[in-house]
Amino acid sequence: MAAFLPAPFTAQQLRALQAQLDTPALLIVQERLQKNILAMQALAKGSHTSLRPHTKTHKSPQIARWQLEAGAQGITVAKLSEAEVMAQAGFTNIFIANQITHPLKLKRLRSLHEKVTLIVGLDHPRQIALLRPHFENASRPLNVRIEIDSGLQRCGVPPDQTLLRLAQTVMRHKWLNLEGIFTHAGQAYAAQSREEIEQIGHEEGALMAKARALLAREGITIQTVSVGSTPTVPFSAQNNAVNEIRPGNYVFYDAMQLALGAAGAEDCSLFVLATVTSRPRAERLVVDAGSKALHTDGAALTGHFGLPLGIEGRVVRLSEEHGILQVPTDCPLQPGDPLLLLPNHACAVVNLFDAYYLVDSSLQTEYLPIEGRGKSQ
Ligand SMILES: Cc1ncc(COP(=O)(O)O)c(C=O)c1O
């Protein structure tokens with residue numbers, strides 16, 4: 001049985017919330033969200049880096065606004081359509097930490113470039129050729145950052161001659177501005193221990209320092225060296241070469257971050273409020289939150305599909321509309337009772353809901369639409 005996680009609400013408070021909200025519902029404990037925003041800002045300040053949070057986690061202009069109010073310098077997005085949502089909401093400094101190559105997207109990218117300060121990722125000369133017809137006659141250069149592979153083996157060039165050649169190619173195009181380099185050490189999500197995460201974080205920072213030095217030796221100076229994933233950022237940010245961090249998940253945390261030791265239960269701010277629909281056996285509880293509310297991501301890491309709060313147990317199986325929990329036979333919950341669940345992967349769960357309910361300390365709820373939800377193009 002999984003360890004017991006204390007609930008942020010009493011059973012009575014949970015009933016009061018359930019009386020107002022149909023389930024499954026996505027809840028944010030406001031105080032914890034604000035505390036997480038301030039804590040990461042303090043980490044950025046302490047490491048003399050600027051924070052450009054990845055907003056693919058929450059996909060909410062309002063939460064991004066709170067991040068900027070706390071001191072964040074610009075935002076990161078994963079997709080052009082997320083960038084468009086954020087630009088529409090008034091954000092003017094946006095890094096798309098991704099490569100844009102679809103012909104229809106290139107046109108939209110140009111039109112976004114006219115409106116906001118935009119940065120996009122690059123890791124291949126062909127991407128420059130694709131951008132060229134859309135940007136060579138623009139009134140100002142397009143800012144680009146070269147992606148470095150720091151071990152995730154997804155996108156990115158190694159910090160060697162490949163990086164140098166690509167940087168030199170970028171420099172030859174006056175319609176491009178090589179603003180910086182970036183990486184994401186997402187391999188930390190497969191780490192077996194805190195020590196391994198720490199090592200990956202330090203390596204992430206060191207590799208970026210090496211990349212910057214390589215460019216500098218050839219006379220190529222860049223403004224930004226950007227790193228970030230929630231688990232590695234406390235370590236990668238310590239490297240003096242790093243001057244920007246881009247964590248995303250830290251606003252909410254989740255059961256994956258708990259399993260990695262990157263957060264404690266009291267840090268988690270995002271929950272799925274569910275209702276018990278059945279108790280077919282003493283050890284089996286069924287709730288109305290299945291894979292369409294909890295998502296299947298992260299089970300390989302955590303060994304479950306989500307954790308209940310305030311009772312022992314874990315979500316052992318999901319079908320689309322049913323979450324199946326294994327609970328102790330003396331678990332008091334019955335059909336109709338509310339249950340709060342900590343999802344495995346907050347970023348994936350957010351994309352399944354239209355809105356959050358922001359819950360304050362007096363149990364007032366505020367409806368917060370997730371404007372970037374489903375913006376996957
Ligand atoms: C390019 C990039 N930067 C930053 C992040 C943020 O990482 P995390 O969600 O671990 O904070 C991600 C997450 O997938 C990413 O892909």
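This is a short tour of the structure, one selection at a time. The model is predicted.

**Stop 1: the sheet**

Start with the open sheet of 8 strands. Its order is E2-E9-E8-E7-E6-E5-E4-E3, and the pairing is parallel. Now find the edges. Strand E2 (50–51) and strand E3 (75–77) stand there, each with a single partner strand, so one side of each is left without a neighbour in the sheet.

Select E3 together with strand E4 (residues 93–96). The two run parallel and are joined by 3 bridges. Pick Thr 76, then look across to E4: its bridge partner there is Phe 95.

**Stop 2: two helices on the sheet**

Select helix H5 (residues 103–115). H5 lies across E4, strand E5 (117–122) and strand E6 (142–147). Its direction is at about 140° to E5. Next, select helix H6 (residues 125–135). H6 also packs on the sheet, where it touches E5, E6 and strand E7 (176–182). The direction of H6 makes about 150° with that of E5.

**Stop 3: a glutamate in E6**

Stay in strand E6 and select Glu 147. Is Glu 147 buried or exposed? Its relative accessible area is 6%, and buried means under 20%, so Glu 147 is buried.

What is around it? Leaving aside neighbours within four places in sequence, Glu 147 is in contact with Gln 99, Leu 122, Asp 123, Cys 155, Gly 156, Val 157 and Phe 182. Show the side chains of Glu 147 and Gln 99: a polar contact of 2.9 Å joins them. Then show Phe 182. Glu 147 and Phe 182 are 35 residues apart in sequence, yet their C-alpha atoms are 5.0 Å apart in space.

**Stop 4: the ligand**

Select the ligand. How many residues surround the ligand? There are 14, and the closest are Arg 154, Tyr 189, Thr 230, Arg 246 and Gly 248.

Take the atom pairs one by one. In the side chain of Arg 154, an N or O atom is 3.0 Å from an oxygen atom of the ligand. Arg 246 has a polar side-chain atom 2.9 Å from a nitrogen atom of the ligand. With Asn 249, look at the backbone: an N or O atom there lies 3.1 Å from an oxygen atom of the ligand. On its own the ligand has 390 Å² of accessible area, and the protein covers 91% of that.

**Stop 5: helix H3**

Select helix H3 (residues 61–70). Its buried residues include Pro 61, Ile 63, Ala 64, Trp 66 and Gln 67. What covers the buried residues of H3? The cover includes strand E1 (25–29), helix H2 (30–46), E3, helix H4 (80–88), strand E16 (355–359) and strand E17 (365–369). Step past the helix to Gly 71, which follows H3 and has a positive phi, near 125°.

**Stop 6: backbone exceptions**

Most residues other than glycine have a negative phi, and most peptide bonds are trans. Here are some exceptions.

- Select Thr 23 and Pro 24. The peptide bond between them is cis, with omega near 0°. Pro 24 lies in the loop between helix H1 (11–20) and E1.
- Select His 48, in the loop between H2 and E2. Its phi is positive, about 55°, although it is not a glycine. His 48 is exposed, with a relative accessible area of 71%.
- Select Gln 153, in the loop between E6 and helix H7 (161–172). Its phi is also positive, near 60°. Gln 153 counts as exposed, at 69% relative accessibility.

Technical notes: Residues are numbered from 1 along each chain as its sequence is written. This is a predicted model: local features need pLDDT of at least 70, side-chain atom pairs count only at pLDDT 80 or more; totals for chains, interfaces and linings use all residues. Side-chain values use heavy atoms; hydrogens and water are left out. Two strands pair if DSSP finds at least two bridges between them. Helices (H or I, at least four residues) and strands (E, at least two) are DSSP runs, numbered from the N terminus. Contact means heavy atoms within 4.5 Å. Axes are lines fitted to C-alpha atoms, for helices over the stretch in contact, and angles run from 0 to 180 degrees between N-to-C directions. A residue is near a molecule or strand if one of its heavy atoms lies within 4 Å of it. A polar contact is a pair of N or O atoms within 3.5 Å; within protein, one must be able to donate a hydrogen and the other to accept it, and residues adjacent in sequence count only if both atoms are side-chain atoms. Accessible areas come from the Shrake-Rupley method with a 1.4 Å probe; for residues, only the protein chains shown count as cover. Buried means under 20% relative accessible area, exposed over 50%, partly exposed in between (1.4 Å probe, protein chains only).
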